[in-house]
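The sequence and the model come first, and the description follows.

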Amino acid sequence: MLKSDVVIIGGSAAGVTAAISCKRRNPGKTVTLIRREQQVLIPCGIPYIFGTLGTPQKNLIPDTMLSGIDVNLVIDTVKEINREKKIVYTENGNDINFDKLIIATGSTPALFPIPGIDKENVFVVKKDISYLQAMLGKLNQARDIIILGGGFIGAEFADECKKGRDNNVTIIEKMPHCLQLAFDIEFCTEAESVLSGRGIKIITNQTVTGILGDKKVTAVQLENGERINADAVIISTGVVPNTELAQKAGLKISASTGAISVDRYMRVRNDNDILACGDCAVKVSYFNGIPVKTWLASIATHEARLAAANVFETRYSGLGTVGVFSTQIGDLAIGAAGLIEKQARENGYNVVIGTAKAPSKHPGGIPGAVPTMVKLIFSKNDGVLLGGEASGGACVGELINVISACIQHQMTAYEVSLFQMGTHPMLCASPIAYQIVNAAEDAVMKLK
Ligand SMILES: Cc1cc2nc3c(=O)[nH]c(=O)nc-3n(C[C@H](O)[C@H](O)[C@H](O)COP(=O)(O)OP(=O)(O)OC[C@H]3O[C@@H](n4cnc5c(N)ncnc54)[C@H](O)[C@@H]3O)c2cc1C
């Protein structure tokens, strides 16, 4: 039987990062990664297969990331973890004895229990190349595409499905606004107006009660009785942690999130030789320590680095999930880090808001410069930064990461207002108008 010091189950964001980090920290140890697919998709790139990229083959994690650092790659499906014997058993007999095990089995689409879900041309967002290839073929022929769920995946799919196609795309969202779980209303409405401007119809405050048609979908039924024609339906209503193997092995599962219960070192609570990271593992909020259902590749890789650091000795503990996220709809980039204003108030904070708007490049006449807005949310009691949101040009992707760093360092409005930035006309706002600093100064004035 094969033996490996570390065995990792899962070959996506968490698994690959755990393997790289493990090998970097322990070059003398053998590291084996087992995954079930021949080629792994970049999960965050999936919506772009349907427009910008045009094929799943342009959206792959290269295996050279593993082969280049001497990680053993096994393509197989793990069917059982035997904790006593420390063996993982696979479907094709590639059984491996391990010293330490890292579970990174990710998530699967949440089941949406409505009648008609099994009809032809009704799709979920699976991380599976052949499924997505077939879905692409069907969407290319579809005239009326309905997207259930107006979160970031639904919005990205809607935007991409419009590209290069003469079709009707409709988002159906049960909340009053698209993206409402991630952003305050003013950012949601900005994104919605870009979606509408791209010809995408948005129906909010409605759920779908049935998917209609004989064999193939022809329409969806809304709870208000309305029927909307559909040649294809994409269900993007969330994911659930994939914990089947862990459950069978008797590992502790969190009742509130359905994910594998881990401590702040990513060690499974009832087996210290097994760690878990990514979408299959429990996350707790950075702000209040309560389990959160935030499934992001950026969190998965952070946890994978923690798991790799702690696999042979206890090194670093995680601080909890800040939740940093960005997306682009049409030409509008939007991002959020930490608590949005609504969440901060719901958490009992007395808040002070600072805002600033400036062109994304300077002077504002530079080609490609667009108005870019930053909103910062501070605690009124101690002036500490709790969260931020941004919208505008491509620089938003990194502005929101800077805001996340300020949150993790518990910087106050005063400290952020004196933060030293670097600027360049082609790349970001002018130093006079730099949005993060000016939004913080706005808050300092209100805190006085
Ligand atoms: C359409 C879409 C867009 C997204 N966009 C973003 C984004 O912009 N930014 C962001 O941060 N996040 C984004 N996410 C979320 C992100 O994709 C997930 O958080 C991330 O994929 C989690 O990585 P993971 O490695 O934990 O799990 P997964 O990506 O689910 O991978 C799990 C791995 O485990 C393997 N596996 C499972 N069971 C077994 C078994 N029994 N045997 C062997 N192998 C097994 C699978 O084959 C796979 O390789 C997006 C998700 C989707 C679906």
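Two strands pair if DSSP finds at least two bridges between them. Helices (H or I, at least four residues) and strands (E, at least two) are DSSP runs, numbered from the N terminus. The model is predicted: local features need pLDDT of at least 70, side-chain atom pairs count only at pLDDT 80 or more, and totals for chains, interfaces and linings use all residues. Residues are numbered from 1 along each chain as its sequence is written, and side-chain values use heavy atoms, with hydrogens and water left out.

Strand 10 is joined to strand 17 (residues 232–235) by three bridges, and the two run parallel. Here valine 122 stands opposite valine 233 in strand 17.

**The antiparallel sheet and a hairpin**

A further open sheet of five strands has the order 23-24-27-26-25, with antiparallel pairing. Strand 23 (324–329) and strand 25 (351–359) each have a single partner strand, so one side of each is left without a neighbour in the sheet. The twist in this sheet averages 10° from one strand to the next. Strand 25 and strand 26 (residues 371–379) run antiparallel and are joined by nine bridges; glycine 354 has leucine 376 in strand 26 as its bridge partner.

The loop between strand 25 and strand 26 contains proline 363. The peptide bond from histidine 362 to proline 363 is cis, with omega near -5°. Most residues other than glycine have a negative phi, and most peptide bonds are trans. Leucine 179, not a glycine, has a positive phi of about 65°, and sits in the loop between strand 12 (168–172) and helix 5 (185–197).

Strand 6 (residues 78–82) and strand 7 (residues 87–90) pair in the antiparallel sense over four bridges. They form a hairpin with four residues between them, and lysine 86 in the turn has a positive phi of about 55°. Valine 78 stands opposite threonine 90 in strand 7.

**The ligand**

| Backbone N or O atom of | Ligand atom | Distance |
|---|---|---|
| glycine 11 | oxygen | 3.0 Å |
| serine 107 | oxygen | 3.2 Å |

The protein covers 93% of the 1000 Å² of accessible area that the ligand has on its own (Shrake-Rupley method, 1.4 Å probe; for residues, only the protein chains shown count as cover).

How many residues surround the ligand? There are 34, and the closest are Ser12, Ala14, Glu37, Lys127 and Asp279; a residue is near a molecule or strand if one of its heavy atoms lies within 4 Å of it. Helix 7 gives the largest share of this shell, three residues. Domain 1 (2–107 + 240–310) and domain 2 (122–237) both give residues to the shell, so the ligand lies between them; the domain bounds come from an automatic or database domain assignment.

How values were computed:
Polar contact = N/O pair within 3.5 Å; in protein donor to acceptor, adjacent residues only side chain to side chain. Axes fitted to C-alpha atoms, helices over the stretch in contact; angles between N-to-C directions.
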